[in-house]
Each structure stands twice: as C-alpha cells, then as structure tokens.
Amino acid sequence: MPTALIIGASRGIGHEIVRQYRHDGWRVIATARTQDACDALTQLGAEAHRLDVTDVEGCAGLGWKLDDEKLDVAILNAGVYGPRHDGTPTQEDFDAVMHTNVLAAMRLLPILAPLVGNAKGKLAVLSSHMGSLSERGNPSGSLYRASKAALNSVLIDTSLVYGPQGVSCVAFHPGWVRTDMGGAGADLSPEQSAAGIRATLASLPATDKAVFHNYDGKPISW
C-alpha cells in the first residue's frame, strides 16, 4: 500500500488531497494545527498528527514520529497569504508569512526528503505562480510573492542534495482555488485542484532536478 504524507490538511486543498488519496486506498499521514481538524482527518481514515509548522520543536517531534517511514508522496501544503495590502509589511506580518511559508520548509524538507528517498518517491510543495520570477506580470501581493519565490529556492536546494538519492522535487501552482485564501470567486474547486495535483504527481517521471508545474501538469518557469 503506497503512503502519502500531507502537511497542512485541516481544510481546503490539503484536506481534499487527503480525502482523495484515502478514497483510492492509500495509507495517509496528515497534520493539522488543531485537535478538531485532526479528529476530522482521523474520520477520513488518515493517521493524524497535530502540528504547527512554525513550532521548531513540533517539526522535530514529527521527524521522530516518522522515523524510518517510506513515503511515496510527501506534500507540504501549509501556508498563509498574509496582508492583502501592498507596500512595506509590518514586522509582525513579515515574520508570520516568512516563518510559515519559508522557515517551516527549511526545517521540514530535510526531515521529509530522506523518508521520500526511502521509497524513491516525490516531494512536493504548494507554491504559487505568483512566486515565479520570470513569469511575473504585476507586483500585487508582494510579501506573499516573495515568500513563494523563497520557497521555490528552498525546494531547488533540497533537490540538489536529495535528488541524487532518488527524491523527485516538485513545486506546484495549485490554480486559483475556492478556499479561504482564494475566495468564493475563484476558478477551481478544491476537488479539481487536488485531483490535478495528484494526477500530475503520478505522471511526472523521476528526476533529480526540481520542477515547477501548474496543477494541470503544465510547466512553469521559475
């Protein structure tokens, strides 16, 4: 039975990815920040762990819990948008976004990558087209953009270390999705985005270089 780990699965895309993998018979390990969210994941048949990705001790503790796992897929979905206004962010906003979207990845990816390597699997992060440097068309959401560009950089560095060990690293733009972050007017449902991400992961060949893809499999330039 293949195993998937989803970090940040309390709602939206992450929760839906858990549901779909469980529906297809996968063993799923998932994390959420609250006990209520963990209980909901357990009801889906997932092995749930409570985790705040900004908590360094919690991240280290998850590593101990996952010791010697073989992960066919690991997805770091946890993230925040931050302030909706542009301009210079406050220190509080900057710290909240960068700690959640970037520092958490720097802590967690080195923990997860060897476990993915055990299965010669795929390690994915939920990034955004807004994090692309070469395909950027406007400056809105500058703090969120900066955090996702930094996340992409962290993933590339991870691939340079762990790609030769059999870990395929993928950054995803999940599309504009009807979640708390995306809003009610977004183009895609969480079900559509999750299905696209899973299909793309399943179809991508193994590689020792990090790649950046849209949820529908179309490549994006960094």
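1. Serine 168, at 4% relative accessibility, counts as buried, where buried means under 20% relative accessible area, exposed means over 50% and partly exposed lies in between, with a 1.4 Å probe and protein chains only. This serine 168 belongs to strand β6, which covers residues 168-173. Leaving aside residues up to four places away in sequence, serine 168 touches Gly121, Lys122, Leu123, Pro205, Ala206 and Thr207, a contact being heavy atoms within 4.5 Å.

2. Before reading further, please keep in mind that this is a predicted model, in which local features need pLDDT of at least 70 and side-chain atom pairs count only at pLDDT 80 or more, while totals for chains, interfaces and linings use all residues. Residues are numbered from 1 along each chain as its sequence is written, and side-chain values use heavy atoms, with hydrogens and water left out.

3. How many helices and strands does the protein have? There are 6 helices and 7 strands, and from the N terminus on they follow the order β-α-β-α-β-α-β-α-β-α-β-α-β. The radius of gyration of the protein is 16 Å, close to the 17 Å that the globule rule gives for 222 residues, so the protein is as compact as a globular protein of that length. Helices here are DSSP runs of H or I with at least four residues, and strands are runs of E with at least two, numbered from the N terminus; the radius of gyration is taken over C-alpha atoms, and the globule rule is 2.2 Å times the number of residues to the power 0.38.

4. Taken along the principal axes, the box filled by the C-alpha atoms is roughly 45 × 40 × 35 Å. Of the 222 residues, 49% count as buried, and among contacts between residues at least 6 apart in sequence, 64% join residues that are at least 24 apart. The protein exposes about 10200 Å², of which carbon and sulfur atoms supply 53%, with accessible areas coming from the Shrake-Rupley method with a 1.4 Å probe.

5. A disulfide is a covalent bond between the sulfur atoms of two cysteines. With a disulfide taken as a pair of cysteine sulfur atoms within 2.5 Å, the count comes to 0 disulfides. Cysteine 38 counts as buried at 3% relative accessibility, and cysteine 59 counts as buried at 1%.

6. Proline 89 sits in the loop between β4 (73-76) and α4 (91-117), and at 29% relative accessibility proline 89 counts as partly exposed. Although proline 89 and serine 142 are 53 residues apart along the chain, their C-alpha atoms are separated by 9.1 Å. Not counting residues up to four places away in sequence, proline 89 touches Phe94 and Leu143.

7. Aspartate 68, in the loop between α3 (56-65) and β4, has a positive phi of about 70° although it is not a glycine, and at 61% relative accessibility aspartate 68 counts as exposed. Lysine 120, in the loop between α4 and β5 (122-126), has a phi near 50°, a positive value in a residue other than glycine, and at 56% relative accessibility lysine 120 counts as exposed.
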